[in-house]
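Good morning, everyone. Please take a look at the structure on the screen, and I will walk you through it piece by piece.

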Amino acid sequence: DRAKEWWRRWGTAVIGGAVAIVVAVAAYNGWNWYQANQRAQAGDAFGAALAQVATDKPGAIAALDKIAAQGVAPYAELARLRIARLKAEAGDKDGAAAAYRAAVAGARDADGRELAILLKAMQEFDSAKPEDLAAELQPLLGKDRPWRPMALELLAALALKQKDETKAKALLGELRDESAASQALRERAAELLSALGEPATK
């Protein structure tokens with residue numbers, strides 16, 4: 001009897017709650033399927049666009065633009081970076097810089113955004129003000145940031161461009177001793193330090 005009374009009072013709510021859960025789970029699974037399907041389609045389109053580069057660069061850029069506009073991660077971010085690179089290779093410096101800025105703005109996480117910032121700074125090394133590029137690169141210098149070693153090298157080059165050897169030497173010393181840096185980067189830093197009259201080793 002108590003069970004009947006409880007069901008009379010709460011049965012509708014229980015059924016309604018169960019239905020809501022089923023609908024929510026179905027919607028979640030459907031959304032996951034939709035996202036996976038979108039990523040698969042974007043991946044196929046990205047691969048096709050890369051293959052098109054060899055025979056039709058303008059067409060490839062148009063295809064990559066479409067992928068970027070669709071916003072499906074990670075292919076939208078990759079498409080923006082590839083567009084910027086293709087424009088740089090074609091000698092379109094302004095177009096490449098604009099594409100890298102779009103990549104910075106469109107990045108969905110810090111790692112992707114900082115990679116775009118680094119590549120943008122490399123592209124604009126000869127055209128932008130060194131102090132502006134140096135300011136943009138500062139967030140990449142955190143000890144846990146993945147692009148820190150490359151940012152150190154680029155900042156050292158910017159310092160040399162500004163004829164600030166003291167700052168360049170300090171940055172190169174950090175890079176030479178940076179455990180997260182590749183051997184090639186550390187060796188380059190040591191060689192440049194030696195050329196600047198500093199010991200190649202600590």
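**A walk through the helices**

Let me start with contacts along the chain. Take contacts in the protein between residues at least 6 apart in sequence; 45% of them join residues at least 24 apart. Keep in mind that this is a predicted model.

Now the overall build. How many helices and strands does the protein have? It has nine helices and zero strands. Read along the sequence, the pattern is α-α-α-α-α-α-α-α-α.

Next, the surface. The protein has 202 residues, and 32% of them count as buried. It exposes about 12200 Å². Carbon and sulfur atoms supply 57% of that area.

Let's turn to how helices pack.

Pair one is H5 and H6. Helix H5 covers residues 110-123, and helix H6 covers residues 130-137. Their axes come within 10 Å. They cross at roughly 165°. An angle over 145 degrees counts as roughly antiparallel, so H5 and H6 are roughly antiparallel to each other. The crossing of H5 and H6 is left-handed. Who makes the contact? On the H5 side, it is Ile117, Leu118, Lys120 and Ala121. On the H6 side, it is Leu133, Glu136 and Leu137. Sort the residues of this H5 and H6 contact by class, and you get five nonpolar, no polar and two charged.

Pair two is H6 and H7. Here the helices pack at an angle of about 160°, with their axes 10 Å apart. H6 passes H7 in a left-handed crossing. From H6, the contact uses Pro130, Leu133, Ala134 and Leu137. From H7, it uses Leu154, Leu155, Leu158 and Lys161. How do the residues of this H6 and H7 contact divide by class? Seven are nonpolar, none is polar and one is charged.

Look back for a moment at Leu133 and Leu137 in H6. Both take part in the contact with H5. Both also take part in the contact with H7.

Helix H7 runs over residues 148-161, and helix H9 over residues 183-195. The two axes come within 10 Å and cross at roughly 25°. Angles under 35 degrees count as roughly parallel, so H7 is roughly parallel to H9. The crossing of H7 and H9 is left-handed. H7 brings Pro149, Met150, Glu153 and Leu160 to the contact. H9 brings Leu185, Arg188 and Leu192. By class, the contact of H7 with H9 has five nonpolar, no polar and two charged residues.

Now some single residues. I will take them in order along the chain.

Start with Pro58. Pro58 lies in helix H2, residues 57-70. Is Pro58 buried or exposed? Pro58 counts as exposed, because its relative accessibility is 62% and the cut-off for exposed is over 50%. Pro58 and Leu86 are 28 residues apart in sequence. In space, their C-alpha atoms are 9.3 Å apart.

Move on to Leu78. Leu78 sits in helix H3, residues 75-89. Its relative accessibility is 37%, so Leu78 counts as partly exposed. Leu64 is 14 residues away from Leu78 along the chain. The C-alpha atoms of Leu78 and Leu64 are separated by 8.9 Å.

Then Arg113. Arg113 belongs to helix H5. With a relative accessible area of 33%, Arg113 is partly exposed. Which residues does Arg113 touch, if we leave out those up to four places away in sequence? Arg113 touches Val104 and Ala107. Arg113 and Tyr100 are 13 residues apart in sequence, and their C-alpha atoms are 9.9 Å apart in space.

Finally, Lys163. Where is Lys163? Lys163 is in the loop between H7 and helix H8, which is 165-176. Lys163 is exposed, with a relative accessible area of 75%. Now check its backbone. Most residues other than glycine have a negative phi. Phi of Lys163 is near 60°, a positive value in a residue other than glycine.

Methods:
Residues are numbered from 1 along each chain as its sequence is written. This is a predicted model: local features need pLDDT of at least 70, side-chain atom pairs count only at pLDDT 80 or more; totals for chains, interfaces and linings use all residues. Side-chain values use heavy atoms; hydrogens and water are left out. Helices (H or I, at least four residues) and strands (E, at least two) are DSSP runs, numbered from the N terminus. Buried means under 20% relative accessible area, exposed over 50%, partly exposed in between (1.4 Å probe, protein chains only). Contact means heavy atoms within 4.5 Å. Accessible areas come from the Shrake-Rupley method with a 1.4 Å probe; for residues, only the protein chains shown count as cover. Axes are lines fitted to C-alpha atoms, for helices over the stretch in contact, and angles run from 0 to 180 degrees between N-to-C directions. Angles under 35 degrees count as roughly parallel, over 145 as roughly antiparallel, 65 to 115 as roughly perpendicular and the rest as oblique. A crossing is left-handed if the near helix is turned anticlockwise from the far one by less than a right angle, and right-handed if clockwise. Ala, Val, Leu, Ile, Met, Phe, Trp, Tyr, Cys and Pro count as nonpolar, Asp, Glu, Lys and Arg as charged, and the others, Gly among them, as polar.
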